[in-house]
Amino acid sequence: MKLFTKYNRISIAATIFTFVLGSIAFYFVLDYVLTRQLKETLRSEQFEIIHFVEEHHTLPEIQNTRHQWITVEKSTTILAKPLFKNAETFNPGENELESVKQLAFTIDVAGQHFLITVNKSKGETEDLLKLIILVTVGMIALILLFNFIINRKLVNRIWQPFYTTIDHIKTYHISNRQPLQLSNEPIEELNLLNESLNTMTQSIHQDYQALKSFTENASHEMQTPLAVIRSKTEMLLQENISEEAIKQIIGIEDGIQKLSRLHQSLLLLTKIENTQFTFNENVEMSELLSQKIEEKKELFESKHLTIEKNIQPFITLQFHQQLAEILINNLLSNTIRYTPENGIVTIELDEEKLMVRNTATENSLDVEKIFQRFYKAQQNQEGTGLGLAIVKEIGRIAGFQVQYLFHNQHHIFTIYFKQ
Amino acid sequence: MKLLIVEDELALKESLIEYLSASGYLCESAANFNEAVEKIELYDYDCIVLDIMLPGGSGLQILQYLKDNKKTDGVIIVSAKNALEDKIKGIELGADDYLTKPFHLSELSVRIAAIIRRKQFNGQSFIEHDFFYIDTIAKTVKVNNKILDLTQKEYQLLLFFIINKNRVLSKNAIAQHLWGDDMDYTDNYDFLYTHIKNLRKKIINAGGDDCIKSMYREGYKMMLS
């Protein structure tokens, strides 16, 4: 539910409640005033009659109207004081039963007691009540109508800057080169939101930059000592040394190799994130892919892998030559490394996608984690754990969709060129 | 052959000088920018091994200096940075090759040899060693005047061995030379053993000596005089 809908509902309920309550109160106040007026009329009628009797010692001739009529009857009892009451009586003028206000009093005319009842119709009060209900219902209807119109036409416009901000946040990626730069808004709350977001991304951005340059520098700084170690082990190998010593040195060599590769991969990742690549090269994907497969022929052969190729010729992409090479390299290396001996590797390329599928002995890899850095399905594996993270990252900046599927005991990696 | 090694890391410089001197090069060295410029002004080198990040200036400035002064020294950049822009900028400024640290000395040696071969004009595209005769332009190898029928990888392998003759070359160094940086199979060297075995067989069949010696399958050495 939208905030405004929620607010609107509460607001409308409160308004309707207030209106009903107000109308009820209004009714009672009016009723009170009108009743008093009615009594006043009845009383003045009483005085007129009393006055007439005192002066003329006879009852006045009674003039009935449609809304007011008087009945006179002889009475034996005497009312101590005039009596007001509500009653349903027959209105001779209208010829129907009517709800009336009555004033009954007794009067002594030449020794004879008369009970005089003055009736006044309450029709007007009822009309009033009807009117008030009508007005109330009308007002509520109007409120709902206006709310609907405001919701439709105005609210979306008022909230537009908010949604603009949300869109910006959605498309914001920490590796974007710029922190968020949201505009100033005349609405205080939106402005506060925008300013806070600007400040927040600004500081995140700075921290991130610092972290990135740290990664980059650290990796660079480590290459030189690694170069020293490698050159020294190479010199050591030239000495006249025992088999055991040679094996130890080669062990060191392996370590250097891994460390160096790890650094290079990390650097590459940082570089992909840091650099604004322009994808304006026409990369001959078919040719490049075939060439890379050829280069790795021995590696496929060494594990007795069967390659099934289905490469459509002349597939060209608006891409980046070096990134394309890295992408293909990493996918192929990954496949060679994780396909079991004597397995089958299928490589397909067409206008839409590049797909690499290989047989698997194990179950599906963790789809959530497979593209994460340093994720390895088994800890003893030889790779850097960065290959697929690099593939994913290249895909991200190039606007490709990189997908992993496990189907029929096959790992399937697909890169969709168009999203 | 005269080399200038411009490298500020002392320990690395020492190894470079030791390895390359033993390969028959005359090595001079410079540990910072000014020293390097001074030497380059005074002498001509067949090849300069150039670090990019130097105390006192950038290796790229040295390249610019060489270019401005129309010096024809061969240059191989050795840098901790694997940055593509540096590579492109370096090559644009006239560097002949680019090697990222940490590199194998044997790899550097092969690249230097290739640069020097390219720089020299008359006839030096031939390498002669014992019973080997290699034409590096036609990429043909003769053993005792018999042409060896080598695959591209075997040819590369042989050249790598000959240039680093009498050196123990680790399997890592060899694999990386043949398959480049994306060769990361420290767990499986079978394909390497196969290539070496085949090369060995071809040399012996052509009447050459069994000169490739295995060092417990961890490394190999080509024994030539």
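Colleague: To begin, what is the handedness of the crossing of H2(B) and H3(B)?

Modeller: The crossing of H2(B) and H3(B) is right-handed, that is, the near helix is turned clockwise from the far one by less than a right angle. Please note that this is a predicted model, in which local features need pLDDT of at least 70, side-chain atom pairs count only at pLDDT 80 or more, and totals for chains, interfaces and linings use all residues. Residues are numbered from 1 along each chain as its sequence is written, with chains lettered from A and ligands numbered from 1 in the order in which they are written.

Colleague: Which residues make that contact?

Modeller: H2(B) contributes B:Ala36, B:Val37 and B:Ile40, and H3(B) contributes B:Ile62, B:Tyr65 and B:Leu66; contact requires C-beta atoms, placed from the backbone, within 7 Å.

Colleague: And at what angle do helices H2 and H3 of chain B pack?

Modeller: Helices H2 (residues 33–42) and H3 (residues 59–68) of chain B pack at about 20 degrees, their axes 11 Å apart. H2(B) and H3(B) are therefore roughly parallel (angles under 35 degrees).

Colleague: Turning to the strands, how many bridges join S1 to S2 in chain B?

Modeller: Strands S1 (residues 2–6) and S2 (residues 26–30) of chain B run parallel and are joined by 5 bridges. B:Lys2 stands opposite B:Leu26 in S2(B).

Colleague: Lastly, how many residues of chain B are in contact with chain A?

Modeller: 33 residues of chain B are in contact with 35 residues of chain A. On the chain B side, H1(B) gives the most, with 6 residues.

Methods:
Axes fitted to C-alpha atoms, helices over the stretch in contact; angles between N-to-C directions. Helix = DSSP H or I, 4+ residues; strand = E, 2+ residues; numbered from the N terminus. Parallel < 35°, antiparallel > 145°, perpendicular 65-115°, else oblique. Contact = placed C-beta atoms within 7 Å. Pairing = 2+ DSSP bridges.
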